[in-house]
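Here is a set of questions and answers about labels and the cut-offs behind them. Keep the structure in view as you read.

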Amino acid sequence: MAFDFDSIANWGPLLNSALSGVVSKDLRAEMCRPELASIGDEIDVLLTRTDPARLTEATRAWLRTQRVIAYHGSRLSEAEIASILANGLRPLIPHERQARLQAILSQHPGWPSVESQFDCVVRETANGKFGRREGEAHLTLSRGALLTAFNHYLIEGSEFDHAVAIQLLGRDAEPLLKANRLPILFTVAVPGDHALEVTERRTPAGEMSGLVRRVLEYWAHWLHDPTLEPGAQHLDFGLIFYDIIPADWVVAQTPIDEAKLLPFY
């Protein structure tokens with residue numbers, strides 16, 4: 001079975017069943033109280049009226065039975081798309097991108113004046129000047145959020161490439177990065193145990209991981225408001241991998257109409 005965060009009308013009833021031994025019908029009915037108006041209010045009630053350890057473990061057990069659907073968006077050439085489909089999503093290794101990025105930026109008329117700075121800017125960017133990405137491959141939980149609040153990945157492409165280009169050449173470099181590249185959205189089905197592993201990597205023992213908490217927050221609010229659309233909430237929650245995301249986890253690739261990618265502010 002597949003857990004697609006934005007499709008709560010599909011997975012909400014399944015989680016109802018999975019948590020029936022922990023969350024009573026009466027307690028689920030209490031989630032409809034009018035004063036519980038915001039996402040996050042209801043989970044506070046759940047945690048005070050249930051055994052948090054049992055609630056966490058029951059949710060984890062359910063997630064292990066799922067393929068957790070996550071998304072990766074970028075702007076890529078046909079060759080780059082084919083490489084991902086054949087070889088998987090690779091963590092960012094700056095030196096592997098350096099020659100290709102230099103070939104692109106060298107087409108800019110201002111390149112000769114900044115060429116000597118290129119290696120230094122690549123190192124600084126890789127080392128976290130704009131947020132560490134080296135050695136990481138990122139997926140996000142909400143398709144809707146990726147297409148709206150975080151659609152700059154689809155508009156601009158690689159965050160690393162964009163940061164290097166802008167530092168060296170300014171916004172004038174953007175057309176070079178976009179040339180012969182189209183917005184593409186990859187759908188990735190992550191086995192539930194792997195999804196839990198990556199989100200619990202830095203979670204202290206005995207505490208609820210970010211993935212479990214988000215699932216419970218939105219499920220509890222859905223009990224309050226069955227019209228809830230998680231994809232419209234602009235959730236910023238990702239899965240960070242330090243190894244290649246296998247090609248056989250990539251279950252779909254969807255070209256995105258660039259005309260519909262409006263800058264989000």
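Q: What makes Phe 3, Trp 11 and Trp 62 one aromatic cluster?
A: This is a predicted model, where local features need pLDDT of at least 70, side-chain atom pairs count only at pLDDT 80 or more, and totals for chains, interfaces and linings use all residues. Residues are numbered from 1 along each chain as its sequence is written, and side-chain values use heavy atoms, with hydrogens and water left out. Rings of Phe, Tyr and Trp (its six-membered ring) pair if their centres lie within 6.5 Å. Phe 3, Trp 11 and Trp 62 form one such cluster. The structure holds 6 aromatic pairs.

Q: Why is the pair of Phe 5 and Tyr 218 called edge-to-face?
A: Look at the planes. Under 30 degrees apart counts as stacked, over 60 as edge-to-face and the rest as tilted. The planes of Phe 5 and Tyr 218 stand at 70°, so the pair is edge-to-face. Their ring centres are 4.8 Å apart.

Q: What parts does the pair of Phe 5 and Tyr 218 tie together?
A: Phe 5 lies in the loop between β1 (2–4) and α1 (8–18), and Tyr 218 in helix α14, so the pair joins parts 213 residues apart in sequence. Helices (H or I, at least four residues) and strands (E, at least two) are DSSP runs, numbered from the N terminus. Both Phe 5 and Tyr 218 are buried.

Q: How do you know whether Trp 111 is buried or exposed?
A: Use its relative accessible area. Buried means under 20%, exposed over 50%, and partly exposed in between (1.4 Å probe, protein chains only). Trp 111 has 5%, so Trp 111 is buried. Phe 118 has 1%, so Phe 118 is buried too. Trp 111 and Phe 118 form an edge-to-face pair, 5.5 Å centre to centre with 70° between the planes.

Q: Why is the contact of Arg 75 and Glu 258 called a salt bridge?
A: A salt bridge needs a side-chain nitrogen of Lys or Arg within 4 Å of a carboxyl oxygen of Asp or Glu. The side chains of Arg 75 and Glu 258 meet at 2.9 Å, N to O. Arg 75 is in strand β2 (residues 67–76) and Glu 258 in the segment after β6 (250–255), 183 residues apart.

Q: What makes Arg 75 and Glu 258 buried, partly exposed or exposed?
A: Arg 75 has 7% relative accessibility, so Arg 75 counts as buried. Glu 258 has 34%, so Glu 258 counts as partly exposed.

Q: How do you know that Glu 156 forms a salt bridge with Arg 171?
A: Their closest N and O atoms are 3.9 Å apart. That is within 4 Å. Glu 156 is partly exposed at 23% relative accessibility, and Arg 171 is exposed at 52%.

Q: What makes Arg 213 and Glu 217 a salt bridge, and where do they lie?
A: Their side chains meet at 3.3 Å, N to O. Both lie in helix α14, 4 residues apart, about one turn of the helix. Arg 213 has a relative accessible area of 28%, so Arg 213 is partly exposed. Glu 217 has 13%, so Glu 217 is buried.

Q: Why is Ala 205 called exposed?
A: Its relative accessible area is 83%, so Ala 205 is exposed. Ala 205 is found in the loop between α13 (192–200) and α14 (210–224).
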